[in-house]
Amino acid sequence: MITKIKQPFKPKIPIISIPQFSNSFLKFSIKSKSRFDQKSGNNCRLLWVDESGKMELLRKLNRGCFRNSLKKGQKVEIESVNDGEDVFDAASAKAKLQPEHLVVMVNGLIGSSADWRYAAEQFVKRLPDKIVVHCSERNSSRLTFDGVDQMGERLAKEVEDVIKRWPGVRKISFVAHSLGGLVARYAIGRLYERPTKTEIVDLNGSCLIREGNVSFEETVAGLEPVNFITVATPHLGSRGHKQLPLLCGLPLLEKGASQTAHWIVGRSGKHLFLTDKDNGKPPLLLRMVNDSDDLKFMSGLRSFKRRVAYANANYDHVVGWRTSSIRRQNELPKSNLQIKDQKYPHIVNVEKVYDKVSSLEAKKMDDLEEEMIEGLTQVPWERIDVSFHESRQRYVAHNTIQVKTYWLNSDGADVIEHMIDNFHL
């Protein structure tokens with residue numbers, strides 16, 4: 001009788017391929033013959049290497065390795081570049097037709113270019129030959145802790161680099177989420193250019209104007225500014241008054257947060273809680289409601305044909321309703337927010353403000369918040385209130401409003417559709 005010797009169990013160890021370097025990213029492909037892998041799909045992960053050499057997982061598990069990959073029959077091309085992703089229509093690119101409208105999408109705190117992936121694809125699918133979308137990556141992950149000013153400078157440089165890649169663009173729009181809205185406001189202050197006129201004097205002293213050098217319009221990065229759209233952006237900061245709903249409006253917690261935020265999110269925390277005092281200057285967010293010598297914040301904002309603020313009316317635990325919609329407490333809609341349009345079930349209120357609103361409450365208030373409201377409402381805004389009250393995804397409303405991760409935030413798709421339907425070309 002032959003006795004079979006039972007071999008000890010040896011778990012199958014996944015074989016990890018040699019890392020493939022692509023700029024500041026490492027791509028690891030995990031291959032295994034285990035039957036479990038047949039159901040797991042693509043096991044590729046993208047890791048970001050920061051300056052200290054530490055790695056952070058940037059892409060959520062559901063996204064897998066989607067860079068430069070297209071679904072069968074998909075007409076949207078996604079091109080990875082050093083500073084983010086360019087999303088454009090493949091057919092137009094093949095025909096060498098360059099769109100004339102650049103849409104820059106900016107991520108929020110601890111975000112990345114992937115946060116706007118769904119929205120970017122929807123924009124290009126709906127407006128294929130008219131726009132190219134750039135999802136910014138220059139301020140991603142922990143780089144979002146560096147402060148609104150440093151991030152704004154980086155974004156401004158990134159926009160200039162993108163325009164060099166797309167020399168055919170003539171117009172520019174911004175779509176920004178959360179902290180990214182403040183960064184975009186800073187960047188346009190840097191990129192804003194006043195109307196210029198070149199005069200040439202002939203030998204007789206007569207003034208001649210060369211048409212090619214004449215610009216009677218304000219520009220941002222040399223382009224015509226059209227849409228400036230913010231989504232759940234803390235325009236008034238996060239200091240007190242329930243501007244950070246997570247703290248439940250408790251004065252003790254709000255005071256503690258303002259004193260310790262910089263320990264967690266660096267200079268960005270100081271800017272959000274208005275505790276920065278660089279060289280004795282007022283807080284940055286307060287300075288950003290006026291022009292300065294070299295930064296034309298309000299002129300840049302005013303130059304856009306439209307300014308839109310999408311705001312969560314409830315369940316956003318990160319950014320309060322008032323700060324994201326640039327309102328005083330008594331200006332918030334009093335009636336119960338109800339679904340009014342089946343096409344956009346989560347859009348519950350649309351308000352177009354063309355004149356600066358003054359109120360009795362404004363006269364009583366004399367603080368930084370009131371100064372910011374007065375400054376920002378010098379220009380017209382469209383306020384779009386959003387509510388996910390009846391959605392299962394309401395507790396992650398801050399991300400759902402931009403559809404950050406489709407399987408988790410898909411209920412925000414109608415907000416993106418509303419954004420595209422009202423987008424000015």
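**Figure 1. The pairing of strands β11 and β16 in the predicted model.** I172 has P225 as its bridge partner in β16. The model shown here and in the other views is predicted. Strand β11 covers residues 171–177 and strand β16 covers residues 224–231; the two run parallel and are joined by six bridges. Helix α5, residues 179–191, packs on the sheet and touches β11 and β16 as well as β9 (101–106). The direction of α5 makes about 150 degrees with that of β11.

**Figure 2. The open sheet of nine strands.** The strand order is β7-β8-β10-β9-β11-β16-β17-β19-β18, with mixed pairing. The edges are taken by β7 (76–81) and β18 (347–353). Each of these has a single partner strand, so one side of each lacks a neighbour in the sheet. On average, neighbouring strands of this sheet are turned by 15 degrees against each other, with direction ignored.

Figure 3. T219 belongs to β15, which spans residues 219–220. The relative accessibility of T219 is 12%, and T219 therefore counts as buried, the cut-off being under 20%. When neighbours within four places in sequence are left aside, the contacts of T219 are L191, Y192, E193 and P225. Of these contacts, P225 is also the bridge partner of I172, and L191 falls within α5 (residues 179–191).

**Figure 4. Helix α4 and its buried residues.** Helix α4 runs over residues 148–165 and has 18 residues. From the first C-alpha to the last α4 reaches 26 Å, close to the 26 Å expected at 1.5 Å a residue. The buried residues of α4 are V148, D149, M151, G152, L155, A156, E158, V159, D161, V162 and I163. An α-helix has 3.6 residues a turn, so residues three or four places apart point the same way. Buried positions with such spacing in α4 include V148, M151, L155, E158 and V162.

Figure 5. One cavity of 30 Å³ or more is counted in the model. The space in the largest cavity is about 30 Å³. Its lining consists of R185, I188, M288, F297, M298 and L301. The elements giving two or more residues to this lining are α5 and α8 (297–302). Helix α8 supplies the largest share, three residues. Helix α5 is also the helix that packs on the sheet in Figure 1, touching β9, β11 and β16.

Terms used: Residues numbered from 1 in each chain as written. Predicted model: local features only at pLDDT ≥ 70, side-chain atom pairs only at ≥ 80, totals over all residues. Heavy atoms only, no water. Helix = DSSP H or I, 4+ residues; strand = E, 2+ residues; numbered from the N terminus. Buried < 20%, exposed > 50% of the residue type's maximum accessible area, 1.4 Å probe, protein only. Contact = heavy atoms within 4.5 Å. Pairing = 2+ DSSP bridges. Axes fitted to C-alpha atoms, helices over the stretch in contact; angles between N-to-C directions. Expected span 1.5 Å × (residues − 1). 1 Å grid on protein atoms, 1.4 Å probe; cavity = no way out; pocket = protein on both sides within 12 Å on 5 of 7 lines; lining within 4 Å. Points joined across faces, edges and corners; volume = space filled by probe spheres on them.
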